[in-house]
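Subject: Structure for you

Hi,

Here is the structure I promised to pass on. Have a look at the ligand site first, then read my notes below.

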Amino acid sequence: MQAFAYQTPASVADAQKAGSGAGARFLAGGQSLLPAMKLGLSAPESLVDLGAIAELKSIRVGNGTITLGAMATHASVAESQAIRDTLPALAELAGNIGDRQVRNRGTIGGSLANNDPAADYPAAVLALGATITTDRRSIAADDFFKGLYETALAEGELITSISFPVPKKAGWHKFKQPASRFSLVGVFVAQTAQGARVGVTGAGPCAFRVKALEDKLSASWAPASCDGVKIDAGGLNSDLHGSADYRAALIPVLARRAVAAAG
Ligand code: FAD
């Protein structure tokens, strides 16, 4: 690991200033960034630790919206009674990320900015039509995930919060890669006033929606609506854990289970 400067701003304004310097990177829980630095895959000149900014850790539930500060840890989302009462599928997703250490350190802002192809939150962000707020603008979920580890964020842009409109119903199901517990494939479904939305992670270079499933579920919100929906395996991930065809076959199966879980 190369030498780097380390800063601990106490406000978003100070983090913004520190993060705009050449070679600066934001540090959330370090669950992805620190291993990447140890492996020499990332070599920031300066780390801007967001851990001392209290406002980034907030969890607010009310008026049909859940708003998570970017530094809300997976454990804090999983354990929030207000989220468990309002949108239990989101709390369940957070509670099934990695292991206890990862959940206590890892954050939603870090997960979204990192955009690992197998990360769990992106499926929920897409299915729920969330809005990602940064220090510069608001980004709709549909415009945020651009490709493998690639997002709409510009250099030095800081995620401050993520807002989830509470849907009529939501469910989630993940087929775990047993060693890492990341999603081999994970599916989040939501029944909203505008129709059904289906977010999938683990299957492609980044999370995506599945229109064929959304059309069927908008017509009839029932597990059986997912039966027989064929997913094109072209462009899906293929590795030693599962072929593209296998991942394609899993998507409707997991969607069926997610709808059943949603009720
Ligand atoms: P960091 O590692 O600190 O940062 C990651 C990236 O995001 C960096 O580029 C950083 O500069 C940037 N960043 C951080 N915060 C912000 C911000 N507010 N604005 C802009 N950029 C920002 N994830 C899953 O979804 N499911 C799993 O099952 C799962 N299993 C895991 C198992 C292990 C063993 C490990 C190590 C990780 C696992 N993860 C899993 C990932 C984990 O959930 C973290 O969310 C993810 O690694 C991001 O970590 P972090 O929040 O600590 O961010």
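A polar contact here is a pair of N or O atoms within 3.5 Å. By that cut-off, a backbone N or O atom of Gly98 lies 3.0 Å from an oxygen atom of the ligand. Ala28 also uses a backbone N or O atom, 2.8 Å from a ligand oxygen, while His74 brings a polar side-chain atom to 2.9 Å from one. Of the 970 Å² of accessible area that the ligand has on its own, the protein covers 89% (Shrake-Rupley method, 1.4 Å probe).

Before going on: this is a predicted model, where local features need pLDDT of at least 70, side-chain atom pairs count only at pLDDT 80 or more, and totals for chains, interfaces and linings use all residues. Residues are numbered from 1 along each chain as its sequence is written, and side-chain values use heavy atoms, with hydrogens and water left out.

Now the shell. The ligand is surrounded by 31 residues (a heavy atom within 4 Å), and the closest are Arg25, Phe26, Ser32, Asp120 and Arg181. They split into 13 nonpolar, 13 polar and five charged, with Asp, Glu, Lys and Arg counted as charged and Gly among the polar ones. The largest share, five residues, comes from α7.

And where does the ligand lie relative to the domains? Domain 1 (1–49) and domain 2 (169–262) both give residues to the shell, so the ligand lies between them. The bounds come from an automatic or database domain assignment, and the C-alpha centres of the two domains lie 34 Å apart.

Cheers

Note on methods
Polar contact = N/O pair within 3.5 Å; in protein donor to acceptor, adjacent residues only side chain to side chain. Helix = DSSP H or I, 4+ residues; strand = E, 2+ residues; numbered from the N terminus.
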